[in-house]
Amino acid sequence: MGAPNSIVILTGAGISAESGIDTFRDTNGIWSKVDYRDVATPEGFARNPGKVHAFYNERRRGLLRVRPNAAHEALGRLEAAFGGSFLLVTQNIDDLHESAGSRRLLHMHGEVNSALCEACGKRSRWSGDMSINSQCPHCGTVGRMRVDVVWFGEMPYHMDRIEAAIAACDLFVSIGTSGNVYPAAGFVEQARLAGAHTVELNLEPSEGYSSFNEAIYGRATEIVPEFVRQLLAAEVDAAFERISPLP
Ligand code: APR
């Protein structure tokens, strides 16, 4: 494939695995240790808010102990060097893409370092623990704070911007996601309808592997930097073709 003009990248938990953040559905994954219905649904939060706060407090604290890996850094380099339009959509609630320099980034499942007040609807950055006694920095209400993460049954964030970018892209790359959760798992079909070349980079074939034009399997810290290197090399070759004198 020649050099793309517009890239959309989707990432999942697999890109953060080698930074030491557990994935959800691998062996010993997060959902093998805690029932998602208790900590990642509105019903679970209504039933036992303290348990939900404790679950996300532990994940927020965990972020203080981890660093972006070579895959996150490669995507930061790609965004900085790529001349076309670029959007990174992540399902992850960690801050490793930002730490690796990504800026054109949308967290479709929210962020563990963001808080939402159910009383006033405003968001705040949140780095410490949260509890049923936490107070909203905007409206001052106590006891109505929740982590600003999209739970099962809730609408993911930024869908209009994501779907517009996919409709306009000519390269769609999925990295480190099992393709189990919609709407993210359906993005590859939308990209194919838009005529994009679709590539899956993952440790193993995902649920949606057959929808991709191309697949590269391996650990993200190995396959993502190599993929980015080749993509940027193709971009340089295309630029030289544009400026080199005609034979
Ligand atoms: N390198 C590349 N891929 C990896 C690595 C690695 N080192 N380790 C694991 N993977 C792959 C696994 O093979 C798996 O396909 O990452 C994928 C992780 O899949 P999940 O654990 O299902 O995580 P994800 O796809 O991000 O889940 C999507 O589900 O629970 C919800 O909201 C949550 O955002 C999450 C969504």
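The crossing of helices α5 and α9 is left-handed, meaning that the near helix is turned anticlockwise from the far one by less than a right angle. The model is predicted: local features need pLDDT of at least 70, side-chain atom pairs count only at pLDDT 80 or more, and totals for chains, interfaces and linings use all residues. Residues are numbered from 1 along each chain as its sequence is written, and side-chain values use heavy atoms, with hydrogens and water left out.

The axes of α5 (residues 70-81) and α9 (residues 220-243) come within 8 Å and cross at roughly 15°. The two helices are therefore roughly parallel to each other, a term for angles under 35 degrees. On the α5 side, A70, A71, A74, L75, R77, L78 and A81 meet residues of α9 that include V224, V228, L231, L232 and E235, where contact means heavy atoms within 4.5 Å. By class, this contact has twelve nonpolar, one polar and two charged residues; Ala, Val, Leu, Ile, Met, Phe, Trp, Tyr, Cys and Pro count as nonpolar, Asp, Glu, Lys and Arg as charged, and the others, Gly among them, as polar.

Helix α7 (residues 159-168) has two contrasting sides. M159, I162, A165 and I166 are buried, which denotes under 20% relative accessible area, whereas exposed denotes over 50% and partly exposed the range in between (1.4 Å probe, protein chains only). Seen down the axis of α7, the buried residues fall within an arc of 130°, so they line one face of the helix. The face turned away from that buried side carries the exposed residues D160, R161, A167 and A168. Among the elements covering the buried residues of α7 are strands β1 (6-11), β2 (85-90) and β7 (171-175), together with helix α8 (187-193).

Most residues other than glycine have a negative phi, and most peptide bonds are trans. H158, in the loop between β6 (145-149) and α7, has a positive phi near 65°, and at 35% relative accessibility it counts as partly exposed. N28, in the loop between β1 and α1 (30-33), also has a positive phi, near 65°; at 54% relative accessibility N28 counts as exposed. The peptide bond from Y182 to P183 is cis, with omega near 5°, and P183 is placed in the loop between β7 and α8.

Finally, R37 lies in helix α2 (residues 36-39) and counts as partly exposed at 48% relative accessibility. R37 and W151 are 114 residues apart in sequence and 9.3 Å apart in space, C-alpha to C-alpha.

Technical notes:
Helices (H or I, at least four residues) and strands (E, at least two) are DSSP runs, numbered from the N terminus. The arc is that of the directions from the helix axis to the C-beta atoms. Axes are lines fitted to C-alpha atoms, for helices over the stretch in contact, and angles run from 0 to 180 degrees between N-to-C directions. Angles under 35 degrees count as roughly parallel, over 145 as roughly antiparallel, 65 to 115 as roughly perpendicular and the rest as oblique.
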